[in-house]
Amino acid sequence: MARIDLQNIRHAYAPDPKSDADYALKRVDQSFDDGGAYALLGPSGCGKTSLLNIISGLVAPTEGCVLFSGDDVTARPTEKRNIAQVFQFPVVYDSMTVRENLAFPLRNRRMKPDDIARRVNEVLDLVSLTALADRRARGLTADEKQKISLGRGLVRSDVNAILFDEPLTVVDPQVKWELRASLRDVHRRTRTTMVYVTHDQTEALTFADKVVVMYDGEIVQVGSPADLFDRPQHTFVGHFIGSPGMNIMPASVDGATVRLGEHSVPLASAPRLDASQKLQLGVRPEFVRLSTTGIPATIVRMEDAGRYRVAHLDMLGMPVAAMLREGEAAPAAPHISFDPAGVHLYADSWRVDLGGAAQ
Amino acid sequence: MKPVNQQAWFLVAPVLLLVAFTAIIPLMTVVNYSVQYVATNAQFHWVGDLWYREVLHAEKFWNALWRNLVFSGIILAIQIPLGVLIALNMPRKGWGVPTCLVLMSLPLLIPWYVVGMIWQMFGRVDIGLMGVMLRDFGYNYEGDPMDAWFTLIIMDVWHWTSLVALLAYAGLVSIPNAYYQAARIDGASGWQVFLHVQLPRIARVLTIAVLLRFMDSFMIFTEPFAVIAGGDPVFLSTELSQTVELGQRAAMSIIYFLIILLLSWVFYTVMTRDDGEPVQPGGKSGSAS
């Protein structure tokens with residue numbers, strides 16, 4: 001087990017990168033504490049898999065260092081880093097049985113046969129493959145093959161970290177919940193550092209203690225699921241996390257008030273801003289109130305999500321989503337007001353700290 | 001119950017017609033000849049299995065068959081491992097890829113008879129490069145059947161190993177990178193990567209390579225004909241070409257054809273016996289494999 005530090009990592013796949021646009025990872029400085037459960041969350045192509053492969057050593061970074069418990073391992077090959085990694089698509093050794101697949105990483109590390117058998121049986125149970133243990137991997141379904149991959153990731157108990165690269169993509173939804181719960185359980189018992197890459201916010205928020213949100217080759221926020229919800233540091237986080245995402249509206253600021261057309265929204269304090277910065281107001285749909293006073297709006301459509309309903313409105317020509325609790329009805333001539341606890345100001349996409357807002 | 005409509009059979013008719021003309025009718029004419037005696041005045045006389053009995057009782061036939069089997073065995077034993085070895089060492093990217101592919105394809109583009117002529121001259125002890133070099137070791141393919149064997153095998157390896165290499169290469173480049181990455185993470189050695197990642201994933205194309213090389217080498221005719229002009233060693237095909245009686249030729253052709261069919265079937269069944277493992281009921285088949 002180890003603490004992992006990434007120092008000033010930059011990575012470009014093409015040789016001779018010139019501008020920031022040539023880098024798949026622009027600049028990453030991030031530590032993963034020993035025993036933590038982390039999720040790397042972001043859209044496809046944001047660099048999360050690259051970052052994972054840099055940790056495991058499958059990819060060598062163009063610049064920067066990787067440290068395991070303080071040792072520089074940047075030049076160390078994958079097999080010497082003692083890392084387990086599970087890939088997005090099932091990678092199994094077709095010609096071996098399920099049991100042999102799980103024993104393979106242990107046999108290669110010269111573990112005693114008795115210990116191997118015991119450990120393999122534990123892991124078979126963990127990924128619920130005991131019934132298939134002596135079947136050849138070749139004839140199994142994609143689900144089952146991915147369970148083998150997961151099992152091979154979990155079978156070594158002395159690894160520095162286990163890295164998961166969207167491991168549940170090919171798995172059926174109901175099995176997904178079950179396996180994610182198993183992973184959480186393994187983490188609780190073993191306290192192995194785990195890094196879990198995903199583009200699915202539910203998966204990230206339910207798996208991790210700390211979520212690392214990536215966007216366009218950079219880490220935009222690291223925090224607990226609650227942090228990401230209550231204090232999104234970047235408009236991308238606001239937009240990406242939450243369903244539906246945060247309402248982002250172009251705005252201007254006058255002292256401690258935000259101007260939206262001829263209407264104004266009060267802020268907790270007067271921010272200090274550069275005149276050249278692009279300003280945006282961000283409010284999650286959970287903090288948009290519909291009543292008979294405020295900014296007039298028209299309802300475009302309603303969405304029923306079961307426990308709550310989402311009203312999609314047009315306010316001063318801008319789309320705004322509002323969340324209505326069960327039984328709450330939208331007024332005939334709706335007017336919008338914002339709950340001060342959920343009002344955020346963004347300057348050039350980054351959150352402006354207003355002190356009192358969003359407690 | 002729905003009424004049964006038989007009109008769909010018309011859609012199959014063109015295929016049936018095509019197969020009839022390309023395979024069934026020509027083959028059946030040969031079957032027809034093999035049970036008749038053709039007299040000089042073009043009269044056909046029914047002789048039953050006479051020709052078959054004659055062929056199967058001839059020592060020359062069994063000797064030729066044995067030689068064919070040994071020849072194919074040696075060819076497979078050399079070309080398959082050598083082809084895989086070459087494929088493993090071919091470059092995977094850069095300018096080396098097209099260069100290698102073109103170089104490997106060259107022998108495959110040379111007509112059989114020309115290959116025979118090349119080696120016939122190459123091996124001549126008076127003017128041939130190889131012949132002159134090996135002359136001092138007593139090499140003479142025209143006089144010594146073992147030297148003729150040696151020449152034929154070298155020639156076939158030179159001509160056809162690239163086919164195996166190209167097929168194996170195609171199989172190797174189609175292996176997703178994740179398999180190699182996973183093997184590195186699992187701490188597998190190079191030999192284990194070959195055994196557990198590469199070999200299982202090129203097994204299918206290797207089956208095709210083995211079948212093609214077996215059939216072609218078992219049917220070898222043009223090259224020995226060009227090199228030794230029907231002298232020793234005598235293969236089934238060269239033996240066939242020297243058989244005079246039409247009926248006997250036909251019977252031998254049928255037997256030859258059936259042997260190839262049988263052996264190809266045996267090869268195929270043995271090599272693909274792992275593929276048919278039942279997928280458990282209700283499960284999707286492993287689509288990502």
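1. Chain B first: it has 12 helices and two strands, where helices are DSSP runs of H or I with at least four residues and strands are E runs of at least two, numbered from the N terminus. Reading from the N terminus, the elements go α-β-β-α-α-α-α-α-α-α-α-α-α-α. Chain B is more spread out than a compact globule, because its radius of gyration is 24 Å, well over the 19 Å that the globule rule gives for 289 residues (taken over C-alpha atoms; the rule is 2.2 Å times the number of residues to the power 0.38).

2. A word on ground rules. This is a predicted model, with local features needing pLDDT of at least 70 and side-chain atom pairs pLDDT 80 or more, while totals for chains, interfaces and linings use all residues. Residues are numbered from 1 along each chain as its sequence is written, and chains are lettered from A and ligands numbered from 1 in the order written.

3. Still on chain B: its C-alpha atoms fill a box of roughly 80 × 75 × 30 Å along the principal axes. Buried residues make up 25% of the 289 (buried: 20 or more other C-beta atoms within 10 Å of its own; exposed: 12 or fewer; partly exposed: in between; C-beta atoms placed from the backbone).

4. Over in chain A, S12-S13-S14 make an open, antiparallel sheet in that order (pairing takes at least two DSSP bridges). S12 (252-254) and S14 (263-266) are the edge strands.

5. A:Arg231 sits in the loop between H7 (225-230) and H8 (235-240) of chain A. A:Arg231 counts as partly exposed because it has 17 C-beta neighbours inside 10 Å.
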